[in-house]
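Dear colleague,

Please find below the structure that I am handing over to you, together with its sequence. My findings follow directly after it.

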Amino acid sequence: MPQDDAMHTDFFAWLEQHKGREYDLHNDHINPAFIKMLRTIGFDKGYVRGEGCYLWDADGNKYLDMLTGWGVFALGRNHPKVKAILQQLMSHDMPNLVRMDASLLAGLAAEMLTKHTPENLSRVFFCNSGTETIETAIKFARCATGRQGVIYCDHAFHGLTTGSLSLNGSDFFRKRFGQLMPGSEMIPFNDLAALEKALSAKTAAAFIIEPVQGKTCEVVQDGYLEEAMRLCRKHGTLLVADEVQCGLGRTGKWFAFQHWLGVEPDIICTAKALSGGYVPVGAVITKPRIMDCVFDSMERCVVHSNTFGQNDMAMAAALASLYVIEEDKLVENAAKLGQYAMTRLKEISKDCPFVSDVRGKGLMFGIDFARPKEGVKLKMAWDMLHKLNFGVFGQIIVLPLLHKHKILTQVAGYHVEVIKFLPPMTITREDVDWFLSAMDDVLADTQRIPGAAWDTVSGIAKRMITA
Ligand SMILES: Cc1ncc(COP(=O)(O)O)c(C=O)c1O
């Protein structure tokens with residue numbers, strides 16, 4: 001290890017001395033399996049700069065970021081207005097997290113957030129991550145209803161802590177982590193009959209749903225949420241909208257459930273975009289009636305709380321993000337460019353026999369793949385790859401998107417055939433066109449069998465088996 005300059009005098013000079021050590025450090029101290037995966041698919045790019053919709057590697061190559069840290073960089077990276085607000089905050093000696101006092105910043109952030117929710121949803125609990133919003137929703141719902149159970153959907157993703165993991169619609173994430181929360185019940189997505197059956201047991205405190213699913217980009221059908229809300233009310237279960245990923249403008253409305261008139265969840269969970277890409281933050285928005293069940297006396301006024309939830313940096317990042325989303329008309333941009341991107345992608349995909357669907361809402365959309373219906377060679381290639389590794393097909397698209405077209409994406413989850421696109425809500429039409437012409441090229445390449453794309457991915461699949 002080189003001799004260190006003092007870290008505090010010039011932090012970037014100090015960092016410079018350690019340049020090139022990132023993968024080894026992660027290999028030694030953080031997660032070697034992750035580093036192996038990055039190296040195997042050539043995603044070890046070592047990005048050195050991020051601005052707006054773009055990332056740059058050390059060689060000066062510019063990449064379009066359609067992954068946005070799984071939705072965190074909804075405003076793009078290092079948005080100047082968010083940065084300016086946080087820099088101003090840093091230059092003041094704020095009291096911060098006094099605990100036995102009320103922070104103005106938290107109050108203002110709650111006020112600004114609830115401007116965009118139905119009138120009844122006026123109370124906010126701040127926390128540190130998406131999963132913590134779900135843990136909070138579970139506790140609030142249990143406390144308010146006196147019931148235990150939670151209903152969730154197939155393919156759902158609500159986070160990976162023990163409570164939210166109990167609501168994960170994929171065995172992959174749950175396997176080997178032992179028994180999870182009792183009373184959780186999975187139902188198929190978009191199936192009202194199954195929901196009614198589960199609700200009729202009258203044991204569920206909450207039904208938790210992503211209006212646009214993060215792992216599949218499936219959208220609730222028209223009329224589904226309205227009826228789900230009616231059924232939940234009838235059976236005494238709270239409706240929880242998980243808007244951790246799809247909320248705050250991404251789908252072309254402030255909250256995705258607002259695409260359907262009259263829908264009013266009892267609890268809304270949101271996070272990711274609220275951070276401005278700078279400071280982790282989550283918010284649970286609910287009704288006074290529900291919040292008052294939890295904090296029903298002075299004695300119980302901190303019965304659910306956390307250490308960092310209302311910290312000044314997070315609250316300022318939330319305020320700044322809400323301000324920018326409104327001021328820069330990002331909800332409108334997400335609606336307009338999302339519609340354009342999806343319409344064009346559907347047209348482009350028509351000629352690719354592997355594409356089974358293009359779906360989503362606003363700037364949260366995905367492309368789904370399936371075994372081709374025709375063509376012996378195509379079917380054989382698909383089967384061979386799937387025998388090696390189910391779910392690796394997406395890399396035939398993802399790898400050339402990165403290596404040839406300089407566009408960062410990834411599949412939406414493990415063992416699914418969906419590639420999800422989550423560009424910054426600040427994206428321009430020009431950049432959407434960059435993405436679309438790249439997709440045109442890589443989708444055409446899937447039909448070249450044998451060809452470079454298939455060879456590369458088969459090689460990776462084999463290496464993953466032997467690793
Ligand atoms: C819909 C949804 N809910 C909850 C979470 C969990 O959020 P976090 O990773 O911040 O815990 C995620 C994360 O991707 C998500 O997409």
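I begin with a sheet of this predicted model. Seven strands form an open sheet with mixed pairing, and their order is β4-β10-β9-β8-β7-β5-β6. The edge positions are taken by β4 (123–127) and β6 (184–187); each has a single partner strand, so one side of each is left without a neighbour in the sheet. From one strand to the next, the twist averages 20°.

Within this sheet, strand β5 (residues 149–153) and strand β7 (residues 204–209) run parallel and are joined by three bridges. Val150 has Ala206 of β7 standing opposite.

Two helices that pack on the sheet deserve mention. Helix α6 (residues 104–114) touches β4 and β10 (282–286), and the direction of α6 makes about 120° with that of β4. Helix α10 (residues 192–200) touches β5, β6 and β7; between the directions of α10 and β6 the angle is about 160°.

Which of its residues are buried? They are Leu195, Ala198 and Leu199. These residues cover an arc of only 100° around the axis, and therefore lie on the same side of α10. The cover over the buried residues of α10 includes β5, β6 and β7, as well as α11 (224–235). Exposed residues, namely Ala193, Lys197 and Ser200, are carried on the face of α10 that is turned away from its buried side. After α10 comes Lys202, which has a positive phi, near 55°.

Turning to the protein as a whole, its secondary structure amounts to 18 helices and 15 strands. The C-alpha atoms fill a box of roughly 70 × 65 × 45 Å along the principal axes. Of the 467 residues, 45% count as buried. As for contacts between residues at least 6 apart in sequence, 73% join residues at least 24 apart.

With kind regards

How values were computed
Residues are numbered from 1 along each chain as its sequence is written. This is a predicted model: local features need pLDDT of at least 70, side-chain atom pairs count only at pLDDT 80 or more; totals for chains, interfaces and linings use all residues. Helices (H or I, at least four residues) and strands (E, at least two) are DSSP runs, numbered from the N terminus. A residue is buried if 20 or more other C-beta atoms lie within 10 Å of its own, exposed if 12 or fewer, and partly exposed in between; C-beta atoms are placed from the backbone. Two residues are in contact if their C-beta atoms, placed from the backbone, lie within 7 Å. Two strands pair if DSSP finds at least two bridges between them. Axes are lines fitted to C-alpha atoms, for helices over the stretch in contact, and angles run from 0 to 180 degrees between N-to-C directions. The arc is that of the directions from the helix axis to the C-beta atoms.
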